[in-house]
Amino acid sequence: MSDFEELESKKRELEAVIQSWQQERQSFRQIQQEWQEHKECWQLILQGGNDGIWDWNVRTQTLFVSPRWKEMLGYSDGEIANHFDTWKNLLHPEDLDRMLNCLQAYLHQEIPEYRAEFRLLCKDGSYKWILARGEALWDESGQPLRMAGSHTDINERKKREKTLEMQAYRDNLLSRVTRLLIAQDIHLAINHTLELLCQFTQSAHCYIIQYSTCRQQWSMVYEYCHPDYPQVIPIREQSQNLSTETFPWFSEQLLNGIPVKLNSLDDLPATAIPERTILAHSPTPCLLIVPMWDSCGVTVGYLGLDASAEKQWTKEDVTFVRLVGELIAIAQIRYEAEKELKEAKEAAVKANKAKSEFLANMSHELRTPLNAILGFTRLIYRDSSISSEYRQYLEIVNRSGEHLLELINDILEMSKIEAGRTVFNPSNFDLYALLDNIAEMLRPQAQAKALSLIFDRSSDLPQYICTDESKLRQVFINLLGNGLKFTESGGVTLRGKVGEKRGDYQRLLWEIEDTGAGIAPEEIYKLFQPFNQTETGRKSQQGTGLGLPISKKFVELMGGAIGVSSILGQGSVFSFDIQVGLVGENEIKTETHRAKVIALAENQPKYRILVVDDRPESRLLLLKLLTSLGLSVQEAANGQEAIAIWQAWQPHLIWMDMRMPVKDGYEATREIRRLEADNRGKTVIIALTASAFEEDRALVIAAGCDDFVRKPFREEVIWQKMGEYLGLKYIYADNEPNQPNYSPVFLDSLQSLLKLISPDWIRQLQQAARECDDEKIIALTAEIPSDYATLAQGLQQLAGEFSFDAIETIIKDLNIS
């Protein structure tokens, strides 16, 4: 081969190498472009995902973590090194060994997957719970090469789990404390409870303090010191009879019912100098004290906890400690009640004589007028000229009197037992109007004895207040009435002025001064004891001796206390204070129209009313009252009948007696409410009850009644409630003096029903009306079908009131030939 040929051959080889290199270069550029695209896609995934991504080179120990991985812990991208040691250093010390063992077990393929929960240190010094998941790559010899995975922030989930765990622990502890307080001696149980509370809250010192109102001093009655805090020593002996000025800020907060919660000295106001001074040198400066309330809401003590500076009291801590305090308070009240019961049995022997005198006096006061009522009823009943309807009325009076006699006998037998069921019923009212009303009521009594009756109220006395109006009225009447009763010359003066204000409540101070006989010093203690009267009271031979004990109880319910000072032969001063809320004029309920209702206003719907009562006389009373205005009325003797009539007749309003045989008003009301369909509307149900206990109102409303009226009721209350719930409008005697006795609506309703009766029967009715024969008319109404009970009741009313002209008028308009 010539040199030229050899050169050409090498040229071709070189060209082939160059072409191959160019192809490889092109392929590399393509791979580089694809890698760049993958890198950009990976960056988008890392930025868009909520999890942090990590990639660990096991051989070199380099660790790549995504920006989100660092962001979870509060770090920016360049703040932490990309090395495996970084992760180890961030691990919580309690999690380090466990996580390294878990990781090695997975890399050695001893466990099938890597999934673990641990805590990592954040930039702000806190720890965050992380869920880690990952997969590894091993070489042919089984040695790990790389491992990649994700981090998920599970801190909130862990918090929820911790909250549930703590709640379950709290519930278990409350149950345990309850059992302790029931089963053990009260003192041992309270000490054990304080120990458990210390352990649970990680406190050093737990105690109970009490406040003496009369001495205005604090005393520690129980305490427990945790043995893990040897620097905390018992202080119960030194913490007796401490003045409120010892720790004035603490005293002010607690006596106003405000818990004290201190997580640092910064929580104290600058004025709390004594408190700040003692806590500044205390090993337990974190403090929590809460009021201990019994089941009636009365403060019986204060439960406190002291902890080291690391403790931070939470709302959950306050709630839990308050619950424990309430359990202890209830247990203490039960213990005191059992202790007092024993003492009461001993005192009962001494009280028997006084009670016997009271019972004899009460028997006289009640049996004398009742005897006249029953005697005259029977006497009148013998008169043969009395019509059958009035005989019926007399029978009702007699039966009611006999029933009342039975009740009195029961009351006299049971009067030794105190019910203890008086409750506080606050309402907004006009205090000035109340005082004016009482003055107007008592002035004739004062004038009859030529006494002065003065009401002296300070200019700043609030006009509109919130408290129990009925009880305040009774206290005024009892005290002023006693003053007038035992004063023969001079007069009685009521003074009212403003006391201190605490929060939303204002204290009012009252004095009732008389110039009467006065009270001997040795008899002062008897005044507020039931079944006791002073010598002056016994000589007067009036009353039962219960007015002052009742007044004392009422004043206490209104947040105050009552006292007396007296000089024999010169007079007495009764003083009391109450706690009231302040309200505006717009919050006062206006008085309803009190004039006599004589008719319904025209153009009103025809309302159906159902009266439910097991006593016929009670039903008849309401029946007569309602039909007098032309209302359509049916009656039922028990709850079972009421439900049947309600289903068939669909009354607009039910007057429901609550205590009945077969099915009472509570059951009947609940059944009606259950059966009511949404498209049928709701029937108004108003309870009628003879109960004297205020708490029964809540039971009635809970059963489903819309309102509550107590027997004996006033006529105007019935009209007012029907006006409120049905929108009834009335014609009153004061603005319509010439209104006829029977409303057109009433007469029209009877006439409409008469059209459905046979003409022969109507002719008999007409003849009886012309002959003014009320007994015949009543006999004819017995033939009216039960479906037209309203017609029968209306005609019986007209006959009983001798309104024969009205009967003839409605028959005449029927044009019966």
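**Reading a pocket, a core and a hairpin**

Me: Which residues lie nearest the centre of the second largest pocket, and how many residues line it?

Reply: The second largest pocket has 43 lining residues, and Gly-297, Val-298, Thr-299, Glu-556 and Gly-559 lie nearest its centre. Keep in mind that this is a predicted model.

Me: How much space lies in that pocket?

Reply: The second largest pocket holds about 1,900 Å³ of space.

Me: What does the lining of the second largest pocket have by class?

Reply: A lining can be read by sorting its residues into classes. Here 19 are nonpolar, 15 polar and 9 charged.

Me: Now the whole protein. How many helices and strands are there, and what share of the residues is buried?

Reply: There are 24 helices and 25 strands. Of the 817 residues in the protein, 40% are buried, which means that they have under 20% relative accessible area.

Me: What share of the contacts joins residues 24 or more positions apart?

Reply: Among contacts with a separation of 6 or more, such pairs account for 63%.

Me: Which residues is Leu-472 in contact with, leaving aside neighbours within four places in sequence?

Reply: Leu-472 is in contact with Phe-429, Leu-431, Leu-434, Thr-467, Met-558, Phe-576 and Ile-578.

Me: How should I read strand pairing, and in what sense do S1 and S5 pair?

Reply: In a regular strand, side chains alternate between the two faces of the sheet. Pairing is then followed bridge by bridge. Strand S1 (residues 52-57) pairs with strand S5 (residues 144-153) in the antiparallel sense, over 6 bridges. S1 also pairs in the antiparallel sense with strand S2 (residues 63-65), over 3 bridges.

Me: Which residue takes a positive phi in the hairpin of S1 and S2?

Reply: That residue is Gln-61, with a phi near 65°; the hairpin has 5 residues between the strands.

Notes:
Residues numbered from 1 in each chain as written. Predicted model: local features only at pLDDT ≥ 70, side-chain atom pairs only at ≥ 80, totals over all residues. Heavy atoms only, no water. Contact = heavy atoms within 4.5 Å. 1 Å grid on protein atoms, 1.4 Å probe; cavity = no way out; pocket = protein on both sides within 12 Å on 5 of 7 lines; lining within 4 Å. Points joined across faces, edges and corners; volume = space filled by probe spheres on them. Nonpolar A, V, L, I, M, F, W, Y, C, P; charged D, E, K, R; others polar. Pairing = 2+ DSSP bridges. Helix = DSSP H or I, 4+ residues; strand = E, 2+ residues; numbered from the N terminus. Buried < 20%, exposed > 50% of the residue type's maximum accessible area, 1.4 Å probe, protein only.
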